Amino acid sequence: MTPLLLTPGPLTTAAAVREAMTVDLGSRDPAFLAVTARILTRLAALAPEPGAFEAVPVQGSGTFAVEAMLGTFVPRDGAAAVLVNGVYGARAVELLRRAGRRVVPLVADEEAAPDLDALDRALAADPGITHVVAVHVETTTGQLEPIAEIAAITARHGRRLLVDAMAAFGAIGLEGVVADAVAASSNKCLEGVPGLGFVLARSTALAETAGNAHSVSLDLHAQAARLTKDGQFRFTPPTHVMLALDAALTLHLAEGGVAGRGARYAANLRVLVDGLTALGFVPLLPAERQAPIIVTFRAPADPAWSFPAFYEALRARGFAIYPGSLTRVPSFRVGCIGQVFPDDLARFVDAAAEAVALLGLTRLAPEPS
Ligand SMILES: *Cc1c(COP(=O)(O)O)cnc(C)c1O
């Protein structure tokens, strides 16, 4: 039995999305070029300021798109302040360092909100910082970051914002967020399959990035120029992944776009958090910082607790969950995105209750911290 994927992606997809991949199209075939154009138009419509942005696709997983965004937008003599309170903020620091860019990491605890005063002070103190890099939803914890405030501080200092919006793109809107670029991918809230990243780029900012990129394949300026010229990628596009994404974007529209998808995920979140909390599990984050994407639960203090055993018991009941990745606090994560619905999450809560009984767990609260 294939389990439902309650993870941050790849996710459970709709049958129509998987079926769209059963066609072999040539990368220069007019039918494929039409699919490419339609995908880019639909993605650009999801940008923070739709008329001002264009979508630039990048083959690969989401990290390829983030690496392309950072390397293309931060000039070689620029510098980036990066808000870090989890794995993906830390990854942005690593990507920039590897590209040879100066980086100012602003590190907060994983359980904490980012330190906006530290950002304000860093921008005031260091005029060499050209860009601010922030994550919209930090998948390490599931935290919804205050992206509008981050954007406002960045704009107040006259700097440019680059957003890793991967985890929530398509389910949480970016209205009012002033940014130069936003990176996301095919296989998270858009519910396509893995293999295509993309960056929504402010056209006026993208036009200034010629020659910035440290990498040929991750040069968004060159990729956009080629797509403008003849509608083609520079290098082999993931044709089947794009056919799937095209079908997934049709379903996204039919569900009511960002608002409709976000509402379903919010309903999923409520069933998940209410259900596991009623069993005695304790979520890491307070409700107001919890995004409807993935939830971190603290590991029970019960000595019989074993993540692998819990995972196996749930897997046998048709659900795949995700390990925790906090550095200090033992935890596990459960996603509420993909083609899963409140009834599925209700069945998951029942399966979790059975797994608790099977493992003989009696203390689901965590060790006091
Ligand atoms: C999934 C994700 C990425 C990209 O991860 P890949 O494994 O490269 O697809 C980047 N940032 C965030 C916040 C994510 O959730």
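Where is the place of Glu-191? I shall open with that point and then turn to the ligand. Please keep in mind throughout that this is a predicted model.

Glu-191 sits in the loop that runs between β9 (181–185) and β10 (196–202). Although Glu-191 is not a glycine, its phi is positive, at about 65°. The peptide bond that joins Gly-9 and Pro-10 is cis, with omega at about 0°. Pro-10 also belongs to a loop, in this case the one between β1 (4–5) and α1 (15–19).

Let me now describe the chain as a whole. The protein chain contains twelve helices and 15 strands. Its C-alpha trace spans about 60 × 55 × 30 Å along the principal axes. The radius of gyration of the protein chain is 21 Å, which agrees with the value near 21 Å for a compact globule of 369 residues.

I come next to the ligand. Which pocket does the ligand take up? The space that the ligand takes is the largest pocket. Around the ligand we find Ser-61, Gly-62, Thr-63, Tyr-88, Arg-91, Val-135, Val-137, Thr-139, Asp-164, Met-166, Ala-167 and Lys-188. Sorted by class, this shell has five nonpolar, four polar and three charged residues. Two helices deserve mention here: α3 (62–73) and α4 (87–98) each supply at least two residues of the shell around the ligand.

Which distances separate Ser-61 and Thr-139 from the ligand? For Ser-61, a polar side-chain atom lies 2.5 Å from an oxygen atom of the ligand. For Thr-139, a polar side-chain atom lies 2.4 Å from an oxygen atom of the ligand. Asp-164 faces another kind of ligand atom: an N or O atom in the Asp-164 side chain is 2.6 Å from a nitrogen atom of the ligand.

How much of the ligand does the protein bury? Taken alone, the ligand exposes 380 Å², and the protein buries 86% of that area.

To close, I return to the main points. The ligand takes the space of the largest pocket, and Asp-164 has a side-chain N or O atom 2.6 Å from a ligand nitrogen. Thank you for your attention.

Note on methods: Residues numbered from 1 in each chain as written. Predicted model: local features only at pLDDT ≥ 70, side-chain atom pairs only at ≥ 80, totals over all residues. Heavy atoms only, no water. Near = heavy atom within 4 Å. Polar contact = N/O pair within 3.5 Å; in protein donor to acceptor, adjacent residues only side chain to side chain. Areas by Shrake-Rupley, 256 points an atom, 1.4 Å probe, with all protein chains shown as cover. 1 Å grid on protein atoms, 1.4 Å probe; cavity = no way out; pocket = protein on both sides within 12 Å on 5 of 7 lines; lining within 4 Å. Sits in = over half its atoms within 2 Å of the grid points. Helix = DSSP H or I, 4+ residues; strand = E, 2+ residues; numbered from the N terminus. Nonpolar A, V, L, I, M, F, W, Y, C, P; charged D, E, K, R; others polar. Rg over C-alpha atoms; globule rule 2.2 N^0.38 Å.
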